[in-house]
Amino acid sequence: YFVQPHFILTTTTRNCPGTTSEQAGKSAPCQGCPNQKLCASGATKAPDPAIAEIGEKLSTVKHKILVLSGKGGVGKSTFSAHLAHALASDTTKEIALLDVDICGPSIPRIVGLEGEQVHQSGSGWSPVYVEDNLAVMSIGFLLSSPDDAVIWRGPKKNGIIKQFLRDVDWGELDYLIVDTPPGTSDEHLSIVQYLSATHVDGAIIITTPQEVSLQDVRKEIRFCQKVKMPIIGVVENMSGFVCPKCKNTSQIFPPSTGGAEKMCADLKLPLLGKVPLDPRIARSCDEGRSFLSEVPDSPAAEAYQKIVKSEFVFRKTPTQMSIVQSVTIKGQNKSCVT
Amino acid sequence: MAVGILDVDLCGPSIPRMLSMGRPDVHQCDSGWVPVYTDTQKSLALMSIGFLLEDPDEAVVWRGPKKNALIGQFVSDVAWGELDVLLVDTPPGTSDEHLAVLENLKKHRVDGAILVTTPQAVSTGDVRREITFCKKTGVRILGIVENMSGFVCPHCSECSNVFSKGGGEELAKTTGSVFLGCVPLDPLLSASIEEGRDFTQSFPDSATFSAISSISQTLLNSLQTD
């Protein structure tokens with residue numbers, strides 16, 4: 001069963017006929033467009049051969065999950081890393097964690113691999129292993145200094161994402177988790193495009209309780225609908241803080257419009273769980289240790305374990321697709337109804 | 001003082017909600033787009049893609065070139081008028097939006113950048129790269145703010161370092177930048193932002209207000225001594 005997401009075409013030219021149309025490069029609005037020659041040559045109509053190569057290469061990966069959010073700083077990388085750790089606790093399974101946050105690669109630090117470098121071999125780039133069965137790839141491993149800035153525009157970011165998917169020698173995988181930067185832009189479009197010839201279980205969307213986050217997360221949900229990416233469910237992070245001294249709970253990030261719970265009810269999406277704020281999470285991440293191992297009895301660790309074991313994660317895809325379809329048929333996004 | 005905020009976070013524009021601007025129309029005048037004013041005195045002018053979307057939940061799924069084009073328009077085609085300060089709010093990263101803003105502001109003077117971090121190493125790790133971005137693009141670093149720096153329990157006043165503590169100050173020290181100060185985690189600030197209320201009007205006696213005031217005063221002093 002394949003998910004075939006749309007590739008959303010964007011252009012620099014008003015009234016662009018579309019890079020894959022008959023008129024591409026030939027119509028009046030094309031004059032002066034930097035892509036004109038490329039379009040006229042027919043090159044843009046041909047699908048990138050890497051898509052089929054990646055499809056072939058990842059065809060044996062049993063489960064692929066994207067971790068998305070519209071908002072920055074909500075805990076995507078923390079979640080991705082700990083999802084990978086939780087899955088890797090089953091030593092019979094092979095897990096891969098791919099970090100496509102090109103400008104702000106946090107995964108190496110969170111999994112305790114800062115300073116590690118990637119090696120090339122005949123079969124491609126070797127990922128870096130956290131455990132025997134947990135492999136990681138990030139641009140962080142390609143930078144020689146923690147101060148190095150990756151000041152790249154879209155096309156160059158897209159190029160490295162293609163390489164990460166096509167050229168890394170992951171081996172046989174049970175799970176591929178992809179951690180993304182916030183937003184709905186180049187990285188997200190590229191991941192969807194390059195995975196379009198392979199089956200993707202779907203996206204887990206991370207938010208915090210306040211409307212300022214949910215506002216952006218709704219856009220991320222629309223993005224998933226536009227590209228026909230199934231949504232496995234939503235995780236609400238930073239959901240309340242219990243004072244270690246007096247044990248009273250404070251809503252530091254108030255769910256003023258009902259939090260993820262109301263948003264999920266409105267959009268008919270599963271709420272996978274709510275994770276409370278816990279200072280030990282930040283500390284574990286800074287030290288590169290899994291807080292699931294460091295403080296397994298904490299409410300936060302218990303919440304994470306519950307999410308990972310949730311029936312919605314890695315459910316059979318026909319059911320996931322029906323969740324998405326019920327959202328689109330409601331007319332939330334007319335462009336998705338086909 | 002007349003201030004403008006230009007929100008170039010095109011995928012996640014938060015400024016309209018934080019300033020309770022709802023969904024006003026953006027009008028054109030002879031000199032370009034009229035910014036959205038928060039009050040009749042026109043003391044605070046805003047521009048954000050949030051004001052241009054028909055449907056507030058609509059995703060802006062654009063690659064770099066289209067984002068760059070709109071940012072160019074925001075800089076050149078908005079009739080900001082006489083402003084004392086223009087603040088540009090950016091998304092995380094060191095990519096198209098950041099380069100586009102700098103390219104379009106080239107003919108104007110950019111005083112510098114304020115870098116905001118939370119205390120933990122996972123954040124400061126990214127902000128180090130942002131510092132390099134500023135150095136490479138010739139943007140002066142006006143200073144570093146350590147946000148979400150400690151939480152004082154409203155019930156018992158115990159301070160918890162939810163996102164660790166001190167990372168922003170240490171980053172400023174190790175990179176030779178000015179440390180502007182810490183802003184604590186404050187549910188009253190979060191609630192104000194949620195409802196688009198002016199926190200500085202509602203809670204002028206709070207420690208948070210005092211922290212934010214002190215930071216803005218330090219900044220103004222450094223701008224005036226140029």
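Before we start: two strands count as paired if DSSP finds at least two bridges between them, and helices (H or I, at least four residues) and strands (E, at least two) are DSSP runs numbered from the N terminus. This is a predicted model, so local features need pLDDT of at least 70 and side-chain atom pairs count only at pLDDT 80 or more, while totals for chains, interfaces and linings use all residues. Residues are numbered from 1 along each chain as its sequence is written, chains are lettered from A and ligands numbered from 1 in the order in which they are written, and side-chain values use heavy atoms, with hydrogens and water left out.

Q: In what order do the strands of the open 4-stranded sheet in chain B run?
A: The pairing in this sheet is mixed. E4 (36–37) and E6 (85–89) of chain B sit at the edges with a single partner strand each, so one side of each has no neighbour in the sheet. Reading across, the order is E4-E5-E1-E6.

Q: Which residue of E5(B) does B:Tyr37 stand opposite?
A: Strands of a sheet pair through backbone hydrogen bonds, either parallel or antiparallel. E4(B) and E5 (residues 44–48) of chain B run antiparallel, joined by 2 bridges. Across from B:Tyr37 stands B:Ala45.

Q: How many residues of E2(A) are buried?
A: Buried means under 20% relative accessible area, exposed means over 50%, and partly exposed is in between (1.4 Å probe, protein chains only). In E2(A), A:Ile95, A:Leu97 and A:Asp99 are buried on one side, and A:Ala96 and A:Leu98 are buried on the other. The buried count for E2(A) is 5 of 5.

Q: Which residue of E7(A) stands opposite A:Ile95?
A: E2(A) pairs with E6(A) in the parallel sense over 5 bridges, and there A:Leu97 stands opposite A:Val136. E2(A) also pairs with E7 (residues 175–179) of chain A, again in the parallel sense over 5 bridges. In E7(A), the residue opposite A:Ile95 is A:Tyr175.

Q: How far apart are the end C-alpha atoms of helix H5 of chain A?
A: The expected span of a helix is 1.5 Å times one less than its number of residues. H5(A) covers residues 154–167, so its 14 residues should span 20 Å. The distance in the model agrees: 20 Å.

Q: Which helix of chain B do the buried residues of H5(A) pack against?
A: The buried residues of H5(A) include A:Ile160, A:Ile161, A:Phe164 and A:Leu165. Within chain A, the buried residues of H5(A) pack against helix H2 (49–57), strands E2 (95–99), E4 (124–126) and E6 (134–138), and helix H6 (186–194). From chain B, the packing partner is helix H3 (96–104).

Q: Is A:Gly70 buried or exposed?
A: A:Gly70 lies in the loop between E1 (63–68) and H3 (76–88) of chain A. Leaving aside neighbours within four places in sequence, A:Gly70 is in contact (heavy atoms within 4.5 Å) with A:Pro182, A:Gly183, A:Asp216, A:Val217 and A:Glu220. At 10% relative accessibility, A:Gly70 counts as buried.

Q: What is the relative accessibility of A:Gly72?
A: A:Gly72 is placed in the loop between E1 and H3 of chain A. A:Gly72 counts as partly exposed, because its relative accessibility is 36%.

Q: How many disulfides does a search of the whole structure find?
A: A disulfide here is a pair of cysteine sulfur atoms within 2.5 Å. The sulfur of B:Cys153 has its closest cysteine sulfur in A:Cys246, and at 3.7 Å that is too far for a bond. Over all chains, the number found is 0.

Q: What area is buried between chain B and chain A?
A: Buried area is the accessible area (1.4 Å probe) that two parts lose on being put together, summed over both. Here 56 residues of chain B are in contact with 64 residues of chain A. In chain B, B:Val61, B:Arg63 and B:Arg129 lose the most area to chain A, together 17% of what that side buries. Carbon and sulfur atoms give 55% of the total, which is about 5,100 Å².
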